[in-house]
Amino acid sequence: MLNGTTVSQHQSCIRPWWHNIIVGVLLTPVNGVALILLSLLTLPAIAAQPIDPTSAQQPLTLQTDILIESQPLTLKDIMQVPESDWQPAPEDINQGYDSRGHWFRIQLDNKSGQNLDRLLEIAYPLLDFIEFYEVSRGQLIRKIITGDELPFSARPIANTSFVIPLALDAASTKTVYLRIQTQGTLLVPLALWQDTAFWAASSQQTVWRSMFYGILLVMAAFNLFLFLSIRERAYFYYVVVVLSILVLMMSLHGFSFQYLYPAWPRINDRLLLFIVPFSQLSLCLFASEFLMLKRRHIYWHRAMMILASLTAVMAITSLFMPYALSIRASVALALPVSLANLAAGLTLLAQGEKNARFFSVAWMSLLLGVLATVLHQFGLLPSVFIVENGIPLGASIQALLFSFALADRYNRSKEAYFRAKENQLEALKRQQATEAALYRASSHHELTGLPNRALFESIIKSDAQQDEKTKLSALFLVHLLHFDDVNKTLGHEYADQLLTQCARRLNTLANQCAGIVILEEAPEPSAIAHVEGVSFTFMLTGDTRKEIIEASRPLTEGLSNPIEFLGLTLEQQFVVGCSFAEGDDVAPSSLLREAFIAFDQHHHFHGQIAIYHPEMNPYSPRRLMLMTDLREALRTDNLALHFQPQIHLQSRRVAGFEALIRWQHPEHGLVPPDEFIPMAEQTGLIKPVTRWVIVRALQFCKSLDQLECDATVSVNISAINLREPDFCAEVCELLNANHVAAQRLVLEVTESAAMADPAHSLAVLSALRKAHVRLSIDDFGTGHSSLSYIRKLPVNEIKIDRSFVTEMSHNQGDETIVRTTLNMCHDLGYEVVAEGVENAETQTLLSEMGCDVIQGYHIARPMAPDAALAWLEATEWARRHLPD
């Protein structure tokens, strides 16, 4: 009894051994298991042992008795407590969570004959209050008050543990009383150290702990770098896990209190309370993200989210909740959090998830460290480094294995990424090959493999935009003639082979032309584009039109040579249309259209190349407008006829007049017949135009009659007129209506027009001849007529084209052609008219050759009807009647 109060007996105040183990296990699975599990099995007291002067470090549990307060006691009260109330301390003093004051009496018996200086260490840095009393012979010698609720400066020696220096006199006994009270675990590991041994052990411990902290920092930094690189949240949560373990271990070791905030013990308390649930929170988030539970196991994901929510609430409330309640609640959550993490890992491992291997082993490593510590405390394992540091090593291995797990996941993710990239690259290559094939199919002709029209236009347009100095350029369009005959004769398969062979030859010939534009270099240089059917195109550049046309000669001459195919020698007939780019604006589509128009009109040209001129374009805005205006001119009688006289050389008198149509347009001025006659042929206006010309020519005949001149009047007719079934009847009707004899009218038709439809032309011309209308072949020598066929035509005269007559006075070749033509025509019974007589020398030559009639500027230019009549009255060539 003390002051009427019974001091609690040892049997009621010392925890049973199993209670200490349960408390330790509850603390372990958090990251803070490291802090306790040093609890022991309570053993019976043993008689106190004297101080060993040779021992570097001596445990003091055998020299220690314990007494637990039922109410606060002073040192004076304690010194009056009966000896029976004191109980021997267990080998490891671990009272669990007990906030009552605990008194420890330590008997220090120095039986040696020397004075001893020792350090008393309480090796658990989380004790709130420690009162130290040094008593000798019943007198208080020294009193020290310290604890982690006081500033760090209150400690007599600056160390993470509580260390108190002691001086033990030789052959003396000294009693030390300790009163310890704390809100956390009351763990009191007591030892007596030699000074040098203590500092050596403390330095070694600091080194090992620093290495441990450094490992955690390096792993945190490395995985933070990975997170910043790949932005995967598992790495971020792992960084938080490692840092929380680091902060927890530094707090448990007392390192952070000593070096980071020694003057603020309140921060030390609250940080420890906060970091325990926060580390559990980070573990739950890491497990859910690392194991991808949301996708792989939704129930474990939900469990982790519930535990994460609870630990988050606990972390927040720890900032203001009482210490004892907060630490107990956090420890209570530690067990379900740890078991849930381990169970989730094992569940996914059983399902074959490779990510769960390191995860599960990491948790097992921590539990093994805890188990080693417990067994060591039971004395079942020896005191070796691995066993004594089982919990820190287990936590380190756990963090390291987590890092390996992330590295393994990263490597497999990287391998999967590279495999995906390789597959993507292969797919891209296949796509590019498909696109290339599609592009080639869409940009090249499927039969010949040459660039098609779309690619040709694209390349030419691109080249024109890139060229700084634009040369004159020309587009050539080659059209193979009569290829349908090959199809019908050899069949489509052989016709395709022939077309391909022709295309290759055409490309070879084009590459030999100077100034050729190469469309593509691979797989072989291509200068030719296959536009459509049997039409090909290429582009030449040069300084002048003449130079470009000359540069194309190797191609046209080469194509004129026969081609060998299937043992046959085939003549290759073709026409070429050419259009020149005006200025810097090269529009391939427009040039192609103009080249098409040109070779459609190739029969109007000499040679194989038809060059486009704007006036031949029936679809130009000017021609579209002229077509409308021509119809109106016919309706309003705004066309005119001019007449050019023809002289009979033998009689030297006027033999006739050629009627030449003229159109004085109110806006465009004089429109030449070469421009509007083809337009009239294409639009169907040629029929009324021809009727109008015949009527005005017959009217001029009547005017000649008034001057007693019976000269003929020649009118040019079109091939289209010859295809009219009633043309002869209409001509006869007009002759009768104007009372003009049929032999006074001469209808001129070009040999090309006569050959357009030989059978029908022959029938119409024969009908006209029967009607006594005179017929003439115009522009003889410029076409490709068969003389044998012309001989069958019922014509009266042949007109030699002016292109042979004009230069014959100083061109021996033209003179020979004219002489030969005259002789041949006379032999065939035709009268010959030579047009284009520009001088007296030409007239003399023709007279000497026996030409019948001449016509040209040397005689007179074409004149209006009144002027022609006036000229007829005044000229020396005039006479009233011609001989029969």
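I counted 31 helices and 28 strands in the protein. Helices here are DSSP runs of H or I with at least four residues, strands are runs of E with at least two, and both are numbered from the N terminus. The model is predicted, so I kept local features to pLDDT of at least 70 and side-chain atom pairs to pLDDT 80 or more, while totals for chains, interfaces and linings use all residues. Residue numbers start from 1 along each chain as its sequence is written, and side-chain values use heavy atoms, with hydrogens and water left out.

**Overall numbers**

I looked up burial next. Of the 884 residues, 51% count as buried (buried is under 20% relative accessible area, exposed is over 50%, partly exposed is in between, with a 1.4 Å probe and protein chains only). Then I checked contacts (heavy atoms within 4.5 Å). Of the contacts with a separation of 6 or more, 72% join residues 24 or more positions apart.

**H5 against H7**

I took helix H5 (residues 233-252) and H7 as a pair. They pack at about 155°, with axes 8 Å apart. Axes are lines fitted to C-alpha atoms, for helices over the stretch in contact, and angles run from 0 to 180 degrees between N-to-C directions. That angle makes H5 roughly antiparallel to H7 (under 35 degrees is roughly parallel, over 145 roughly antiparallel, 65 to 115 roughly perpendicular, the rest oblique). The crossing of H5 past H7 is left-handed, meaning that the near helix is turned anticlockwise from the far one by less than a right angle; clockwise would be right-handed.

On the H5 side I noted Tyr237, Val241 and Leu248, among others; on the H7 side, residues including Ile275, Phe278 and Phe286. By class, the contact of H5 with H7 has 17 nonpolar, 4 polar and 2 charged residues. Nonpolar covers Ala, Val, Leu, Ile, Met, Phe, Trp, Tyr, Cys and Pro; charged covers Asp, Glu, Lys and Arg; the others, Gly among them, are polar.

**H7 against H9**

Helix H7 (residues 265-290) also meets helix H9 (residues 298-317), where the axes come within 8 Å and cross at roughly 160°. This pair is roughly antiparallel as well. H7 passes H9 in a left-handed crossing. The H7 residues in this contact include Phe274, Pro277 and Leu281, and those of H9 include Met304, Leu307 and Ala308.

**Asn223**

I found Asn223 in helix H4 (residues 195-230). Asn223 is buried, at 1% relative accessible area. Phe236 is 13 residues away along the chain, yet the C-alpha atoms of Asn223 and Phe236 are separated by 7.3 Å.

**Length of H22**

I checked helix H22 (residues 686-706) against 1.5 Å a residue: its 21 residues should span 30 Å, and the end C-alpha atoms are 30 Å apart, so the two agree. The expected span is 1.5 Å times one less than the number of residues.

**Positive phi**

Most residues other than glycine have a negative phi. I listed some exceptions. Glu708, which follows H22, has a positive phi near 55°. Asp637 is not a glycine either, and its phi is about 60°. Asp637 lies in the loop between helix H20 (621-636) and strand S20 (639-648). At 37% relative accessible area, Asp637 is partly exposed. His739 has a positive phi near 55°. I placed His739 in the loop between helix H24 (727-738) and strand S24 (745-750). His739 counts as exposed, with 68% relative accessibility.
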